[in-house]
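Colleague: Could you take me through this structure, one contact surface after another?

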Amino acid sequence: MKRQLLMLTAAVAFASSAAAVELKPAVVFDMGGKFDKSFNQGVYEGVERFKKETGITYREFEVTNPSQREQAIRKMAQREANPVLAIGFAQATALEKVAKDFPGTKFSIIDAVVSLPNVQSIVFKEHEGSFLVGMLAAMKSQTKAVGFVGGMDIPLIRRFNCGYAQGAKYAVSDVNVISNMTGSTPSAWNDPVKGGELARSQFDRGADVVFAAAGGTGVGVYQAAKDAGKYAIGVDSNQNHMHPGTMLTSMTKQVGVASYNAFKGVKEGTWQAGVSVLGLAEGGVSWAYDEHNKDLITAEMKAAVEKAQADIISGKIVVHDYMSNNECPSL
Amino acid sequence: MLSQDNTSQGAARSPAIDLRKINKSFGPVKANKDVDLIVAKGSIHGIIGENGAGKSTLMSILYGFYAADSGEIWVNGKLTSIHSSKDAIATGIGMVHQHFMLIDTFTVLENVMLGAEQSSSLQQSKKSARAELQRLSEEFGLAVDPDAITGDLAVGLQQRVEILKALYRGAEILILDEPTGVLTPQEVQQLFDILSALRERGVSVMLITHKLQEIIAITDEVTVMRGGTMVATRETAETNKEELAELMVGRKVLLRVDKEPAKPQQVLLEAKNLTLLDSAGIARLDDVSLQVRAGEILGIAGVSGNGQTELLDVLSGVAAVQQGSIVLNGVTIDKDNVLNAKDFRHLSLGHVAEDRHKQGMVTEFSARECAIMGFQDEPEFNGRLLMDNAAVTEHCANLMQQFDVRPNNPHLKAANFSGGNQQKLCIAREIERQPKVLLVGQPTRGVDIGAIEFIHQQIVSLRDAGNAVLVVSVELEEVMSLCDRIVVMFEGRIVGEMAAVNADAQKLGLLMGNAGGDDSDNSATGVVS
Amino acid sequence: MSNKTLPTWIDVGVIPLINVCLAFLVSGFVILLIGESPLEAVQWMITGAFGYAEGIGYTLYYTTNFIFTGLAVAVAFHAGLFNIGGEGQAYIGGLGVGLMCMSLDSFMPWWALIPFAIAAGAAFGAAWAFIPAYLQAYRGSHVVITTIMFNFIASALMVYLLVNVLIEPGTMSPQSRVIADAAILPSMRDVFAVFGINIANSPLNIAIFLALICCVLVWLLLWHTRLGYAIRMIGFNEQAAVYSGINTRRTIVITMCISGALAAMVGINEVMGAQGRVLLDYVAGAGFTGIAVSLMGRNHPVGIIIASLLFGALYQGGAELSFEVPSITRDLVVVIQGLVILFCGALSLMIKPTIEKLFLRFFAAKERANV
């Protein structure tokens, strides 16, 4: 009975594959969900933009437990979705298994490296972007103390923290970097109350600029900075507009662009397997300078950051990657 | 004019309560079957019956807790329908429950007026309530200080507050449910005086009890219920205890315990200076010393809550010895040698708990599981890893056979047995091993008269086999007829001791209320005044 | 009183069934409200859970977890203890399984390793339950409060260990290295392959047999051992247990340790089976679902198997539903699951009086007819 059923589904799948010519992209969001105000949401906005521009709809799934990752990716592949975009490092193992079973399907994964001929891995050099906003923070600080509020305590966030500290010390060698993580469970990504508390405690300890790499928790950090008349730095997307005047800048990570490009690449035939590392040079990470914060950034600061950016791209400055050895020399 | 007179006369002659063909079922169980009951105005009417005879169901229907499946309720010659206690109060029916419905931290006045305030202003209500309470107290001779905190009052006075509460609400018909269970003999007498006073002023009283001597002492008429039906109604003056007991049980019953004089021998159980403090630091047992000899039954009399429970707990190992010591079959148990209940059993002690629902059995267990409580680790019930369930079942079936537990089904849930059969099972479990020392708490609480006789016989025959028995009971009759020697406890102390043949309710009652307890104190005050 | 009047088959069969139906009815209204067809949704859920081999595999894989946590809750419940800490005990238990596997996987195949893994997991889970149990028995801190707290502590501890200690250097994910292939429990697909039958791939592995064995063991423990007798007596009536000479404190501690060890078996299914490594949050709420499973299964192993199957189907069918009907998001699936828990757990006694009345009326009518 089971086998018959299986054969039947296989037959159906075969028939539909013969008929399918149009693009059927799919995305598997991770546990945070597509409205996490951070990473997954960035992806969501990217693929929505693709949908709007091309009129091509996509399939999506939000996983709720670890075993659903493989299940969802496999299902997308079985349903002839192409490409299948997996979001987050946690999906790497699942993607690897499925990609081996479906060599004809194109897979993209963000934030992790899977070395297979049909997988495109997109990773970012968050430490480079964090280096630049760290410099800005240190130069803006009157008190020679800057703060960092992380979300959940995982290596990725430590990478932000480490780059930020290195940048701050590069700009002002005796600056004091105060770091806090919001928590150790996924709820740390969405706890604005605690974020605000951490920010205020850092202000009390002397910091006057604080960088939040904490998803939804950051909202509380930015509000606390505004209330206290201090400066805050946004993350992932350009958040300068949230509190013009106290948002010093934002460290942007172009996950939306990367997702958009993954879909677009398959559509236009430019999609390539392999690893693409998006750092400052590739425009994958950057710092935001717009009408909301141009009064806060002096010409001198801007010049220093731009010089450092050029030096990083040229290799003159090496920003330490925490995840290369799970250590941070600057902290 | 004339016709009006006639009707009022007619109303005066019509009974206070007239129940006609009341039926009530709980599932397949018929709790009341075609019950007819007439209570004459201004009389005290006793309702007597064993547990499960349907007395409480009938009263609950009358007071609006249950609705009858069929039947009519006539109050003062009028057909009424009573759906709630509110309706009952409006009809003039008041009820004094076995467990008082009073708020301990309120004053008497506040308790009396609670729920029947006459004005939205508390001060106003209090003022009018105080006047009314004063009037009632004087009229019925129910003296209580309206400003006393209820919780501080003696139990007998609290019961008075309950009666006042009912009268305050305009009750002309008063239902008392087992009112004497918690009272000393003196308090019982006072209660009966009050009831007589109420009768004289035209109040009708319905007294529900299972104590035959109370029926004989106070009622005008008595109705006997058995198995949900009304078996008989008698003028109290024309009946006697023996007849009533026979009507209740349905066969001849021996009311006196038939036993030979005791032949006490060596001491098997001795308590030396036992003192037990509760978590609040109050002494529940205060320097208690006693001895129980082989071949005698020692009775502990006292109003419930004066340390009997704690004494049983310590003597059986349920509670640890804090101060003093116990010598059981030559083994000394004190705070350096604390033993648990199982160890006590190994020293040949049997313990029938005072409260089988709280302690002596697990009502959710099957009978077979209850039958091995305390003996669950004995090798005869266990294999190497698993319990020998077949042996447990067989053991229970044997107990049921020997002690006539019905229904004879070891797999039935304990809760589904009647109180008497539950108690028989508990006693069977403890007596079957012929313990050298048997502790029995409330041997016949909630047990039918038929079973009481059987239980008493079992206890006496254990004594006659040369074992020591200690009985705790709040039923004075039982203590006096079953035991050979009696000690009285009051507030955790032993306040008196006498041979059962010398005891009477008057003497014991004084000791239980500690009225004549400390002669030295009385004489001392006598000298000063 | 009411127990006497209703036959068992109504109490444990009909009433839970009606509760589930009510939950689906309310869910149906919610689905209708967002403009989807409830019938179609139910269809997707059922086919998703039982309609094809892979779906069945996932359903049974979730079922396995729920049996373990359900049994854990039930054992504690029989002693009158409400163990909310299954989540944390399973999490820490999985750590024990993972550590044992990682230290022995280079010399041992799975069949040699599994006794050690079970022992390590059980020891870790039991240890995690021991502290709340000790506090309850000897210090009077309520086990509900302490086990909840221990869930948080477990979560924080695991994050620390995974981020700082167990993490494979150079990787992004806070997870341990993968256990050697030979040491991972065979999946059902491998088992069937031995008999020449090819079934779809799913995380279902032989841990489900362990779950069924545990059901038998728990049944034996509770109703056929002295310890079980003591556990149940404490649950019904602690004073009676003292009266019977049972050391209630020690029994409470032992019961909680057994409960924790059972919850830890989730680690066998996940760490040694489906995931093949220790990773963040792999318990994914199974510990909490175990409470509902146990309540619904009337704390009896057979009931727990059935309830676990229902919740397994809800998890898998729910995933399928949100996959196939994009407007039904995973949050709505959680709503449906929540409604089932609400009706079967919290409100399980809501309809009982009504059913009782109906039954008695029917019963009475029948009796009259017989007369």
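**Contacts of chain C**

Colleague: How many residues of chain C are in contact with chain B?

Modeller: In this predicted model, the contact involves 27 residues on the side of chain B. On the side of chain C that touches chain B, helices H1 (2-5), H9 (207-224), H10 (226-236) and H11 (238-243) of chain C each give two or more residues, and by class that side divides into nine nonpolar, eight polar and two charged residues. The number in contact from chain C is 19 residues.

Colleague: Which helix supplies the largest share of the side of chain C that touches chain A?

Modeller: This contact takes 30 residues from chain C and 31 residues from chain A. At least two residues each come from helix H4 (53-78), helix H7 (143-165) and helix H15 (301-324) of chain C. The side of chain C that touches chain A has 22 nonpolar, six polar and two charged residues. The largest share, five residues, comes from H7(C).

Colleague: Within chain C, which helix gives the most to the side of domain 1 that touches domain 2?

Modeller: The domain assignment of chain C gives domain 1 as 1-36 + 327-361 and domain 2 as 59-323, and their C-alpha centres lie 27 Å apart. Between them, 13 residues of domain 1 of chain C are in contact with nine residues of domain 2 of chain C. On the domain 1 side, helix H2 (8-33) and helix H16 (330-346) of chain C each supply at least two residues. With eight residues, the helix that gives the most is H16(C).

Notes: Residues are numbered from 1 along each chain as its sequence is written. Chains are lettered from A and ligands numbered from 1 in the order in which they are written. This is a predicted model: local features need pLDDT of at least 70, side-chain atom pairs count only at pLDDT 80 or more; totals for chains, interfaces and linings use all residues. Two residues are in contact if their C-beta atoms, placed from the backbone, lie within 7 Å. Helices (H or I, at least four residues) and strands (E, at least two) are DSSP runs, numbered from the N terminus. Ala, Val, Leu, Ile, Met, Phe, Trp, Tyr, Cys and Pro count as nonpolar, Asp, Glu, Lys and Arg as charged, and the others, Gly among them, as polar. Domain bounds come from an automatic or database domain assignment.
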